[in-house]
Amino acid sequence: MMKRYYGFIITLLFLAASCATEKVVVQPQVSVTPFSDTLRLTKESLIYALPQTLLEVDVTLQRTIRKPGPYAAFAADLIGITDIIRNDDEEWSLNSVSIKVLEEIDPSEFYVIRSDGMMQNNSLSLKRYGLILDISANNMIDRLTGLHEAAVNHDDIRFRDMGSTSYFAIQRDTAFRLVDADTTFIRIPYLVERRRPLTREQLAEQAAKTLLELREGRHLILTGEANVYPQGEAPINEINRLEREYLALFTGKTSREQVNLKYYITPRQGVTQESIILFRLSEMKGLVDDSEANSVPVTLNLTAAGKTKPLVLSNDLQLMTSAPDGVMVYRIPEVVEVTIREGNSILLTGRTVVHQYGQKVTLPMNFLIGN
């Protein structure tokens, strides 16, 4: 009787063990759907986005301003120099250009992963390779396009000192005053002094005289003929500075400054080639609009190399993502030729990858769900 009882117990244990080994673990149902305002989200939902490429174009322009000196008309006669600035002039030129490739969220490519239960996923693998992005703040930075011009100081091209020791001449004249003396009038002379401003030519003569004296004094110091020899370089440096200031009164002054431009360009989806005008540059006026005839456009040209063309999906993506055994959607970036031109001249050329030009493909859901 006891043997039969023990046999029954062993049989029950064997059946329980068999049922335990044949128990099926039910995986949660998961689907990936393009985001829309009618889509219902649950606490188990996960939103991700496809990345898009952003091109940051940095351009440096050089602006050159030339201003004639107040004594330019007398430069040849007084100091013997003819190569001078005679008219106000302004010149613009393109100094440098560079491109930086950035990534940000594509606002038209949001997807929702939905599950009827808790799940473990390998989506971090796609994030690591830059094929999808989460919606954290680091990936949603607003970028502005505009002109950033440093503060310009034009004091270096102003003429604050006309280089003369005096600007007025004393003119003495004899005047007469009538004095009543009994029955007659007597004319009594007296001296009158008037201040008369010097003419431009007279001021130029004084400036030229001072300029020549500075040169002569420097020559005496350097040749050792001066009565007092300076112990340092400061006197010579000051003479050189004064000479430049007096010389500029005849030859004019030139000022150069840099203007920095920064543009953010987002390539469009669904195209394989783009030509974008960044700005138009006039040699005399700088940045101008399309109405300026004497201007050259600076353009950014993008051309897809067609590396991802064989990956075009044959099935409708919307149907595939709504299937019961849904798939993961990501995008493989395309290789793109990038060229920046000033008119017909090539300033920069190279190759990069652009997500928007690439093809969207799918990944089996069994990759998404895993340990």
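In this predicted model, Arg63 is found in strand β2, which spans residues 46–67. Its relative accessibility is 18%. Arg63 therefore counts as buried, because the cut-off for that class is under 20%. The side chain of Arg63 also has a polar partner. It makes a polar contact with the side chain of Glu90, at 3.0 Å.

Aromatic rings were examined next. Searching the whole structure gives three aromatic pairs. One of them joins Tyr48 and Tyr111. Tyr48 lies in strand β2, whereas Tyr111 belongs to strand β3 (residues 89–115). The two positions are 63 residues apart in sequence, so the pair ties together separate parts of the chain. Tyr48 is buried, as is Tyr111.

Another aromatic pair is formed by Tyr71 and Phe250. Here the centre-to-centre distance is 5.5 Å. The angle between the planes is 55°, and the pair is tilted. Tyr71 sits in the loop between β2 and α2 (75–78). Phe250 is part of helix α5, residues 234–251. Tyr71 and Phe250 are both buried.

Notes. Residues numbered from 1 in each chain as written. Predicted model: local features only at pLDDT ≥ 70, side-chain atom pairs only at ≥ 80, totals over all residues. Heavy atoms only, no water. Helix = DSSP H or I, 4+ residues; strand = E, 2+ residues; numbered from the N terminus. Buried < 20%, exposed > 50% of the residue type's maximum accessible area, 1.4 Å probe, protein only. Polar contact = N/O pair within 3.5 Å; in protein donor to acceptor, adjacent residues only side chain to side chain. Phe/Tyr/Trp six-rings, centres within 6.5 Å; stacked < 30°, edge-to-face > 60°.
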